[in-house]
Amino acid sequence: MPCERKPMRYGHAEGHTEVCFDDTGRVLVTCGSDGDVRIWDGLDDDDPKFFTVGEKVFSVALKGNKLVTAGSNHLVQVHSYPQGDPEGILTRFTASPTHVTFNPSGSRVAAGASDFLVKVVEVADSSQQRTLRGHQAPILSVAFDPRDHFLASASCDGSVAVWNIEEQTRVISWSLLNKTNDVTNAASLCRLAWQPGAGKLLAVPVQAGVHLYERGSWEHVSSLSDDQLTQPINVVSWSPCGRFLAAGGVGGSLTIWDVPSKLCVERQKHERGFSLCALCWHPGGGQLAYTDTEGRLGLLDGFCPPGGCSDAPDLHRLFDEDDDGLMDEGQSDTRSPRATAPPEDDDDDDVLVPPTGRVRSRGAVIDDDNSQDTGSVRPRDEDEDDDEGGAPVPPPRPVYEGPLPTPPQKAFQPSSTPRHLTHRFMVWNSVGVVRAHRDEHEAAVEVEFHDSAVHHALHLADALGHALAALSHEAVLLACPSTDQLASKLQCLHFSSWDTCKEWTVDLPPGEDAQALCLGRGWGAVATSALMLRLFSVGGLQRGVFSLPGPPVCVAAHGEQLAIVYHRGTGFHGDQALGVQLLQLGRRPRQVISDAPLPLSPRAHLTWMGFSTEGTPCYVDSVGVVRMLNLPLGLTWTPVCNTRDTCKSQSDHYWVVGVQESPQQLRCIPCKGSRYPPTLPRPAVAILPFKLPLCQTGTEKGQLEEQFWRSVLFHAHFLSGEEEEEQEERCRAEKEQQELLMKMFALSCRLQREFRCAELADLMTPSVVPLAVRYASRSRRLALAERLSQLALEKANQIAEEEEEEEPDSSTGASGFSRRHGAGGRHSNGCQEEEEQQEEEDEEEGGQEVEAESRKCQSRSSEPPPSHACPPPGGNPFRDPAPAQRASPANRGGRSNPFKMAGVALAPPRALNILDSMTPSRKGTPPSGRQPKEPPLKPLAPRSKTQSTLLPRAKASNQKPRENTEAPPPENPPQQEAPPPENPPQQDVPPPSSPADGAENKRPQTGFQLWLDHHRCSIRAERPHLEETDVIKEAMGRFRALPPQERLSWTERARRPPADDSDLRKRRRDEGGDDDDGRRKRRPDVLRLKSFSFHKD
């Protein structure tokens, strides 16, 4: 009789499942991840008995009237069979037990757990336990020696060990498996098995084969393999006679070998390709029960080996009297129910048995006629006669050895759970959740909104059995499949409508079913089985219909955008051949992406398709890779995240519900041990960060590169936005990108990668390149500074040319922003205002002493000097007094620029003072080789908010007296300040000031300011290239280095009464020297400013 594979049936929930026969062979006992133990009276039992052990049951063993379970509560419990009543706890572990088994007599139980321990417990007295220690990882399986002397165990540390039970010692250990840290991550369960009887051989599954080790010598004596096995084997099991060995592996392969001949006598394949996790032979040897990782139970019936099993028991009880003679073919006299009646012609029966002992697998997926096994002989039909010359054997059929086609992926709805579930999510997006409940009493659809301001929750009767749903801020769109009597229907609830009729339905043409649908802004789309896509308005108006290039997979919408994924052709080697179209609907519809392939990971399928909150298309495949459309790189797809990197176990998954670019977040629901979340209780949404799969992201350079290019990718859509919020986000992203570029520039300088520094500077904005020049100069890299100076000049000239070209067009000139998809875009006016406001806030957070000194210096420098006098540090030495007064910081609300040249267009402001935050050292040389048209640099002197209002008053009060006085010599230093006249004219007297202002102008308020007034000249002479702010910083460093007593003396001198001010001014004049000496000391500063002069030639 041919071997028959019966259809598999549902046994338990998805997860690890085990099965075993009772001693009679009439009953099957299973356990699963749902925590139940079920007793089946055959495979066709529709109402099995069951009892609950815990949350999960990982293993079950049955012997006589005792049933032992290993549960997730870290316990190994014993129950009565078949009642299932608990009879106590055999042993406890500190982690979940993974496998249990009985010894042949049923007096002992061996259990292995995830806490690396193996225990042998006496069933009659659980206090008698033996603990076997030595493994360094969780235990995979345990197996008793038939003689009850040894125990074999396999562990995640890659070893297989044999233990002496009585001595509790390890006899031998082999390193055969791949190491892992958890059972769920192991490539194989490695269920060991001893040969029945004397236990001569130990079978160990290793990769895609089985190793056989001899008892006593523990040598590797043989191996079993098959050409059709390519994936690891999970479990092995010996037949009761000890002649045949069955193996179940990953991918659903089921193989049976004849061990003496080492030939494969049976091959089967799981009907759905799920991995097998348990095998159990019938006590009579004619049946083999198995379970898979999906909780399904199967049975292989009618296994009739040639020659039979001499050690198998009598099987008279398995057959009725009417079935006599049906199983005689291929069986020996000992196995036949009519053993007393010998066959009439033994010679003819012997002809049917091949000399190799192998029979055909008539019920298998793989045809043995095409088998390439050595020594395999194809048995002839019964009508063939050896004595007579029969017809020649026809040649074997040709075998296709090319790539196998991949079954096409079925259409699905993004963010929905499978349709066969009674409680499922029909859709989960940023608007709300649509759930479907269907049982014997009620069928309903519930709509819940994340924001109750959009609409209140809805409860809809589901009489039509809706299978698809889409949700937006305007409507809910439902679709049901067609039946023999009814056509496929669309039902829309337009809850945002202002009229009273908020619901409409439409029937699709006969033979056309809705397979995917979505909702956009004011419209909806439905992809049907007739390769059509139909467009409807939310009010029920049909807006259009067009054909699809292939069978639809899914559709997604956002605003006016519509994305369609379909099959472009047949995939091979497990890959899907998918295509995508991106349409822009509206008044002027257009096609953004036309028939482009959708890249997926190898051997993966599409699991989610949608748009980010900002409207960028993105999708997720079954491997967990999230990809997003890369606009700057020519509409390519860039991987931005891999959810598998954050999964703790191989069986854990993340169910994606949305993507957000600002902030960069992937919203998903963690599913532990499954692919889909349960509806109740409502699952919590987790946030995953994005990370580009660049090389060497563990290094500082790789981390900075990943952050920079991720920022460029995620903020590319803001380049075309004109709204205020988008401009602010664009400015923030641009600042972030320039900061990252400066950090990479500094890192490259430290690593002496000057060419890489030039590449980074090319990505910078023109306002940040001077910072790179200054950093290179301070780092003593003059060649690099020279090249960067030339690059800054080229960028400045390019900007000037662009502004000249944009001058005739007022509409384009008013925008002030050059749209670029890279990091070299210019700052907008809004960005400049935000920068100035941020700088003012940063200045307020500075020290009180620096702020007071800066106000004093700025007040002195704000007075316009004569045309032949050297300007103060905050002014422009090459501009006329009148234009300087019109463009003063008090008039235009910004800072004065000491290096800005007349006749050159205004360059964009510097983004941030990045260099100060990165280089605490103040030592270095000034950048050499400055060009006349170098982009402007903002002065680094701090300025208070009230300065802009005080400067005009000071200018107005001091301008006329300066015009009437005689001009000083040209080399007058900018720091030296002429004393005011004692008796000024009455018409020139400024308005009276408050006592506090007068006190502040008369003398310094702190000891540091007094010390700075005495040592300013010496600091200027030592370091003439320093600006005013750098002078203050240098002075602060020196003042802090003074002894505490000396600092206290300066503070006391500063607190003296105002009567001593005259003496103080005299000492200051005496220490400062005459004008000639002062001019000689400050001569290098004047020469320094000349390097920035403008030359017409």
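What you're looking at is a predicted model, where local features need pLDDT of at least 70, side-chain atom pairs count only at pLDDT 80 or more, and totals for chains, interfaces and linings use all residues. Residues are numbered from 1 along each chain as its sequence is written, and side-chain values use heavy atoms, with hydrogens and water left out.

**Stop 1: helix α5**

Select R780, which sits just after α5 and takes a positive phi of about 65 degrees. Now colour α5 itself. (Buried means under 20% relative accessible area, exposed over 50%, partly exposed in between, with a 1.4 Å probe and protein chains only.) Among the buried ones are V769, L771, R774 and Y775.

**Stop 2: the largest nonpolar core**

A nonpolar core is a set of buried Ala, Val, Leu, Ile, Met, Phe, Trp, Tyr and Cys residues joined through side-chain atoms within 4.5 Å. Which residues of the largest one touch the most other members? Pick F745, M764, L784 and L788, out of 27 residues in that core. The elements giving two or more residues to it are α2 (700-714), α3 (724-750), α4 (754-763), α5 (769-778) and α6 (782-806). Of these, α3 gives the most, with eight residues.

Zoom in on F745. Setting aside residues up to four places away in sequence, F745 touches C757, L760, M764, A772, Y775, A776, L784 and L788 (contact means heavy atoms within 4.5 Å). Then jump to a second, separate core of 24 residues, which includes A154, C156, W194 and V204.

**Stop 3**

Over at C749, the nearest cysteine sulfur is that of C757, 3.6 Å away, and C749 is in no disulfide. C749 is buried too, at 4%.

**Stop 4: F21**

Select F21 in strand β2 (residues 18-21). F21 is buried, with a relative accessible area of 9%. Leaving aside neighbours within four places in sequence, its contacts include V27, L62, C280, W281 and L299.

**Stop 5: R534**

R534 lies in strand β39 (residues 532-537). Buried or exposed? At 16% relative accessibility, R534 counts as buried. Show the side chains of R534 and E512: a polar contact of 3.1 Å joins them. (That is a pair of N or O atoms within 3.5 Å; within protein, one must be able to donate a hydrogen and the other to accept it, and residues adjacent in sequence count only if both atoms are side-chain atoms.)

**Stop 6: an open sheet**

Finish with four strands in the order β41-β42-β43-β44, an open sheet with antiparallel pairing (two strands pair if DSSP finds at least two bridges between them). β41 (552-558) and β44 (590-597) stand at the edges with a single partner strand each, so one side of each has no neighbour in the sheet. β41 pairs with β42 (residues 561-567) over six bridges. To see one, select H558 and its bridge partner in β42, Q561.

Key
A disulfide is a pair of cysteine sulfur atoms within 2.5 Å.
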